[in-house]
Amino acid sequence: MIQNGIDWTGAWRHERDFFATMQPWCGLDSYYQSLLCTTKLMDRLGKILADLIAKRCEAFSFTLLNRLVDDGWLCVRRLPEIQDELHKVMQTTGERRRALPKELSNDPIGEVL
């Protein structure tokens, strides 16, 4: 779509319209519909990541004073560790994806022959 001259706003509008009008997506419960679309996914993943970072930082804060002084530094110091974990998960996911069977052929008879 972007190659065809549609900007990001138009692409997101097309995506929103797709999920609002196409089955089975438009027939989902409103809660699940609220999770569809790239922008909603980005918002949700951002909140999850922020919560995970906050939980890791809390594990290293022992008193209110430490929390006030150290939380910011500890969070920043922990980001490379979290980044390494994400990189490992992405590598594993890529390996698993490459191990999936090939896409089904449009010419099954030709494949068998």
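Me: Helices here are DSSP runs of H or I with at least four residues, numbered from the N terminus. On that basis, where is C37 found?

Reply: C37 sits in the loop between helix 2 and helix 3, the latter covering residues 38-58. Keep in mind that this is a predicted model.

Me: What is the phi of C37 near?

Reply: Phi of C37 is near 95°, a positive value in a residue other than glycine. Most residues other than glycine have a negative phi.

Me: And is C37 buried or exposed?

Reply: C37 is buried, because its relative accessible area of 12% falls under the 20% cut-off.

Me: How does C26 count by relative accessibility?

Reply: C26 has 24% relative accessibility, so it counts as partly exposed.

Me: How many disulfides does the count come to?

Reply: The count comes to 0 disulfides.

Me: Back up a bit. What pattern does the protein chain follow along the sequence?

Reply: Read along the sequence, the pattern is α-α-α-α-α. The protein chain has 5 helices and 0 strands.

Me: What is the mean pLDDT of the protein chain?

Reply: The mean is 77, and 74% of the residues reach 70 or more. Residues 62-70 are below 50, and that stretch has 3 contacts in the model beyond near neighbours in sequence.

Me: What share of the residues in the protein chain is buried?

Reply: Of the 113 residues in the protein chain, 12% are buried. The chain exposes about 10000 Å², with carbon and sulfur atoms supplying 61% of that area.

Me: And what about contacts between residues at least 24 apart?

Reply: Taking contacts between residues at least 6 apart in sequence, 22% join residues at least 24 apart.

Me: On to helix 1. What should its 14 residues span?

Reply: At 1.5 Å a residue they should span 20 Å, and the end C-alpha atoms are 20 Å apart, so the two agree. The expected span uses one less than the number of residues.

Me: Which residues of helix 1 are buried?

Reply: The buried ones are G10, A11, E15 and F19.

Me: How many aromatic pairs does the count come to?

Reply: There are 4 aromatic pairs. In one of them, W8 and W12, the ring centres are 6.0 Å apart and the planes lie at 40°, so the pair is tilted.

Me: How are W8 and W12 separated in helix 1?

Reply: By about one helical turn, because they are 4 residues apart in helix 1, which runs over residues 8-21. W8 is exposed, with a relative accessible area of 56%, whereas W12 counts as partly exposed at 33%.

Me: What kind of aromatic pair do F18 and F19 form?

Reply: An edge-to-face pair, 5.3 Å centre to centre with 75° between the planes. F18 is partly exposed at 36% relative accessibility, and F19 is buried at 18%.

Me: Which residues do the ring pairs link into a cluster?

Reply: Ring pairs link F18, F19 and W25 into a cluster.

Me: Last topic. What joins Q23 and P24?

Reply: A cis peptide bond, with omega about 0°. Most peptide bonds are trans.

Me: And where does P24 lie?

Reply: P24 is in the loop between helix 1 and helix 2, the latter being residues 30-33.

Terms used:
Residues numbered from 1 in each chain as written. Predicted model: local features only at pLDDT ≥ 70, side-chain atom pairs only at ≥ 80, totals over all residues. Heavy atoms only, no water. pLDDT = per-residue confidence, 0-100. Contact = heavy atoms within 4.5 Å. Disulfide = S-S within 2.5 Å. Buried < 20%, exposed > 50% of the residue type's maximum accessible area, 1.4 Å probe, protein only. Phe/Tyr/Trp six-rings, centres within 6.5 Å; stacked < 30°, edge-to-face > 60°. Helix = DSSP H or I, 4+ residues; strand = E, 2+ residues; numbered from the N terminus. Areas by Shrake-Rupley, 256 points an atom, 1.4 Å probe, with all protein chains shown as cover.
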